[in-house]
Amino acid sequence: MPELRRGARRSKRLGDLQAANQEENIVASAQNRPRGRGRGRGNAAAVAKGPTRPTAAGRGRGIRLIDLDPEPPWQGEPAFNRVEGVADKEIAIEGGSGNKVMGVEEEPGSTPVPDRVQVGNSPMYKTERKLGKGGFGQVYVGRRVSGGTERTGPDAIEVAIKFEHRNSKGCSYGPPYEWQVYNTLNGCYGVPWVHYKGSQGDFYILVMDMLGPSLWDVWNSLGQSMSPNMVACIAVEAISIFEKLHMKGFVHGDVKPENFLLGLPGSADEKKLYLIDLGLASRWKDASSGQHVEYDQRPDIFRGTVRYASVHAHLGRTGSRRDDLESLAYTLIFLIKGRLPWQGYQGDNKSFLVCKKKMTTSPELMCCFCPTPFKQFLEAVTNMKFDEEPNYSKLISFFESLIEPCTSLRPIRIDGALKVGQKRGRLLINLEEDEQPKKKLRLGSPATQWISVYNARRPMKQRYHYNVADSRLCQHVEKGNEDGLYISCVASAANLWALIMDAGTGFTSQVYELSAVFLHKDWIMEQWEKNYYISCIAGAANGSSLVVMSKGTPYTQQSYKVSESFPFKWISKKWKEGFHVTSMTSAGSRWGVVMSRNSGYSEQVVEVDFVYPSEGIHRRWESGYRITSMAATTDQSAFVLSIPRRKLMMDEAQETLRTSAFPSSHVKAKWSRNLYIASMCHGPTVC
């Protein structure tokens, strides 16, 4: 009979383990399993990921705490993915660090901008008053020293001059990234002209058209509310600007009222809308191949402005056209209502709370007291797929009924929108053809369900137990062991256990412990000393855990971490050290993640969402990944997907199932197709 041990010991340092905002990272190897006191160190690791392409870097600004101020952009780590400490090879428990949002960037050494500017073939300009400062430099008025007859254009008397210091982030290797974007987009409809660029002294300099007030300024001047007619004009013109921008292969990445400006007051373009600040723009279409960029998710990266960012941006997903349009929807609702439901959140977990609120607020509630077109627009853009091409004409058509028919009375010119939909007969036909019901990607009734994963295997014996109380766990395990079965997967719901046992694990011996302590450190280390490795774990809502450790695994070294937030940065760091996630669970709001060396995986990625991330998982499947671990708290679901080093012909198919009750009625049907439960968890979904 296989060896069986149970433990019921309590940790001698229970208080340490349960301290708020603390976690543990424990490492053991077959060659050198530490014992005794540990030596901690701070986290100095760079942001890392599994084997994927690097992404463009950028900069961000800190958050203003006054809610009525314009919201500045971030680029960096979301608050709900912060690192709380990383331990050394032995044992360490450290306090957590705060939200690592990058602050407003000061000019290095407070270097004054030049009094006079001349770059490239530009005329000489005198630097005058400061117009503003953002995350990507500072903007001043430049007045021609001599000559100049126009109000706009290269011969303008006054221009806007943007300075970015050579030592600022993003300029380490030459001119700022924004220059590359302008090389492609200069002259694009709705994007202001850059007439000259170059370097002078310590600064990179752009000379651009002077523009008028931002929509933020206009909104404030109108008593912090705009008429439906005005916001509808903004909507259709902004959509047409995005259509032209997207045709060039870029997405803006930071859509908000402050980044829409009107033309210069008193000029012919004073009612024309412009889109500015391309510092966070990125390509949705590969410049060489013309193909859509590949889907990816980096939960440790956030780019944009929290108030208006898309949910996908919060979750660190690769930017695409849908994100600009979702941010536009929030911008429009803000302009007409004067407030968004998630305004007012503060503190370290602001990004987490805002993202969750965006996910859970229905379009009906979001757009209450707004004309119907705004709800239609929000529903359309929040249900777009990653690589879906927007139907710009249809989106514009939502707002046509709200627009003043008399051109001269319109507060915003809609020249671009008229060009998009000028052939109304053709437009109506296109709309009818497109009137197919779409599956809602993230809308629906919130639910908590069993999520189970099935892998194709050669025929084998498998057994499941669910709703198992602590007192009955032992008899199920002992009976399975007598029949030659070992535990392959464990999960929990309502403080009861689910247990999967099968004959295909390859284990030679197994021990387990039920403990009131979440991932009981002392017991785990004791088993490491005996050459057992963690093979599966489960945590319950009451904070208890079930840890199963086995012999016969391929692992040569293990490390695990307990954290109050999903520890993606720690996972990234361990990926670089040759570890891969092999088990994962949660208890209440706490996460437990086990990583092992010699796991048999060549690549690994993580999908994190507030509900089951259906689209992301399907895209990963298409790239050859398979779900190998998953866990969920009441707020979030996390899925680890891996590519094995050796591809097995019989282990390629994978299916998932979501059920309100344990899927006992479905398992036998799966078995008949040689699909066996590989992992499961109980977590948030929509149905």
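UniProt positions are given in the numbering used here, feature names are shortened, and annotations may be inferred rather than shown by experiment. This is a predicted model, in which local features need pLDDT of at least 70 and side-chain atom pairs count only at pLDDT 80 or more, while totals for chains, interfaces and linings use all residues. Residues are numbered from 1 along each chain as its sequence is written, and side-chain values use heavy atoms, with hydrogens and water left out.

**Stop 1: lysine 162**

Select Lys162, which the unreviewed UniProt entry covers with the annotation "binding site". Lysine 162 belongs to strand E8, residues 158-165. Helices (H or I, at least four residues) and strands (E, at least two) are DSSP runs, numbered from the N terminus. Is lysine 162 buried or exposed? Lysine 162 is buried, because its relative accessible area is 11%; buried means under 20%, exposed over 50%, and partly exposed in between, with a 1.4 Å probe and protein chains only.

**Stop 2**

Select E17, E18 and E19. These 3 strands make an open sheet in the order E17-E19-E18, with antiparallel pairing. Two strands pair if DSSP finds at least two bridges between them. Strand E17 (462-468) and strand E18 (486-493) are the edge strands, each pairing on one side only. From one strand to the next, the twist averages 15 degrees. Axes are lines fitted to C-alpha atoms, for helices over the stretch in contact, and angles run from 0 to 180 degrees between N-to-C directions.

E18 pairs with strand E19 (residues 496-502) in the antiparallel sense over 7 bridges.

Next, show helix H13 (residues 470-482), which lies across E17, E18 and E19 and runs at about 5 degrees to E19. Contact means heavy atoms within 4.5 Å.

**Stop 3: helix H14**

Which residues of helix H14 (residues 521-529) are buried? They are Lys521, Trp523, Ile524, Met525, Gln527 and Trp528. An α-helix has 3.6 residues a turn, so residues three or four places apart point the same way. After H14, look at asparagine 531, whose phi is positive, near 70 degrees.

**Stop 4: salt bridges**

A salt bridge is a side-chain nitrogen of Lys or Arg within 4 Å of a carboxyl oxygen of Asp or Glu. How many salt bridges does this rule give? The count comes to 27 salt bridges.

Begin with arginine 298 and aspartate 300, whose side chains meet in a salt bridge at 3.1 Å, N to O. Arginine 298 is buried, at 11% relative accessible area, and aspartate 300 is buried at 1%.

Move to arginine 322 and glutamate 615, a salt bridge of 2.9 Å, N to O. This pair links distant parts of the chain, 293 residues apart: arginine 322 sits in helix H6 (residues 321-337) and glutamate 615 in helix H16 (residues 614-622). Arginine 322 is buried at 1%, and glutamate 615 counts as buried at 18%.

Then select lysine 574 and glutamate 577, whose side chains form a salt bridge of 2.9 Å, N to O. Lysine 574 is buried at 4%, whereas glutamate 577, at 29%, counts as partly exposed. For a network, select Asp296, Arg317, Glu607, Asp609 and Arg620, which are joined by salt bridges that share partners.

**Stop 5: the sheet E26-E28-E27**

Select E26, E27 and E28, 3 strands in an open sheet with the order E26-E28-E27 and antiparallel pairing. The edge strands, each pairing on one side only, are E26 and strand E27 (626-632). The twist averages 20 degrees from one strand to the next. E26 and strand E28 (residues 637-644) run antiparallel and are joined by 8 bridges. Aspartate 609 stands opposite serine 637 in E28.

Finish on glutamine 604 in strand E26 (residues 601-609). Glutamine 604 counts as buried because its relative accessibility is 1%. Its side chain makes a polar contact of 2.9 Å with the side chain of tryptophan 575. A polar atom of the glutamine 604 side chain also lies 2.7 Å from the backbone nitrogen of valine 581.

Methods: A polar contact is a pair of N or O atoms within 3.5 Å; within protein, one must be able to donate a hydrogen and the other to accept it, and residues adjacent in sequence count only if both atoms are side-chain atoms.
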